[in-house]
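Please open the structure in a viewer and keep the selection panel at hand.

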Amino acid sequence: MSNSTSTPITGKLSSYAFWGHDGRALAEFYAAALGWPDEIQEYPDEQGVPTAFLTGDGTTTFVFYTARDYRTPNWPADELPFHLDLTFPDIGAAVERLVELGATKPDHQPGGEHWTVLLDPSGQPFCVNSRGA
């Protein structure tokens, strides 16, 4: 609720957070996939075990958490709460490189020639397209 006479509150998105079986592996995968520096920042949990891993390019930050109870989505049967779209000038070359880095390509490809769905190392679907590349 806001009061029409008050100054609007504005925010700024600081990072995107993701959970998976292995937060470090996800941080390394996405840093390599996006051509970001490979310096991964680690943050421990209450017991001192590294659990959160940050990577970014100076404008965008991804935080990857290692979650004990993470369950890989059963896509396409499960609806997804979110997914990423990654843009590359050459979809074919990008898909080949992403698979080399640890992504997998599921049989179900609803995008036709418009985009390709891949699964990251945690099994989370993401799309590769050339829009805006």
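This is a predicted model: local features need pLDDT of at least 70, side-chain atom pairs count only at pLDDT 80 or more; totals for chains, interfaces and linings use all residues.

The stops below begin with the whole chain and then turn to its parts.

Residues are numbered from 1 along each chain as its sequence is written, and side-chain values use heavy atoms, with hydrogens and water left out.

**Whole chain.** Display the chain as a cartoon. The secondary structure comprises 2 helices and 7 strands; helices (H or I, at least four residues) and strands (E, at least two) are DSSP runs, numbered from the N terminus. Their order from the N terminus is β-α-β-β-β-β-α-β-β. Along the principal axes, the C-alpha atoms fill a box of roughly 50 × 45 × 30 Å. Of the 133 residues, 35% count as buried; buried means under 20% relative accessible area, exposed over 50%, and partly exposed in between, with a 1.4 Å probe and protein chains only.

Select strands E1 (16-20) and E2 (41-44), which are the edge strands, each pairing on one side only. They belong to an open sheet of 4 strands in the order E1-E4-E3-E2, with mixed pairing. Two strands pair if DSSP finds at least two bridges between them. E1 runs parallel to strand E4 (residues 61-66), and 5 bridges join the two. At one point of this pairing, Gly20 stands opposite Thr66 in E4.

Axes are lines fitted to C-alpha atoms, for helices over the stretch in contact (heavy atoms within 4.5 Å); angles run from 0 to 180 degrees between N-to-C directions.

**The nonpolar core.** Select Tyr30, Leu98, Phe126 and Val128, which touch the most other members of the largest nonpolar core, a group of 23 residues. Such a core is a set of buried Ala, Val, Leu, Ile, Met, Phe, Trp, Tyr and Cys residues joined through side-chain atoms within 4.5 Å. H1, E4, strand E5 (84-87), helix H2 (91-101) and E7 each supply at least two residues of this core. The largest share, 6 residues, comes from H1.

**Strand E7.** E7 pairs with E5 in the parallel sense over 4 bridges, where Thr87 has Asn129 as its bridge partner. E7 also pairs with E6 in the antiparallel sense, over 4 bridges, and there Thr116 is partnered by Val128. Leaving aside neighbours within four places in sequence, Val128 is in contact with several residues, including Leu86, Ile91, Leu98 and Trp115.

Finally, select Gly123, which takes a positive phi near 90 degrees in the hairpin of E6 and E7, where 5 residues lie between the strands. Gln124 lies in the loop between strand E6 (116-119) and strand E7 (125-129). Is Gln124 buried or exposed? Gln124 counts as buried because its relative accessibility is 11%. A polar atom of the Gln124 side chain lies 3.2 Å from the backbone oxygen of Phe82. Beyond neighbours within four places in sequence, the contacts of Gln124 include Tyr70, Pro73, Leu80 and His83.

Key:
A polar contact is a pair of N or O atoms within 3.5 Å; within protein, one must be able to donate a hydrogen and the other to accept it, and residues adjacent in sequence count only if both atoms are side-chain atoms.
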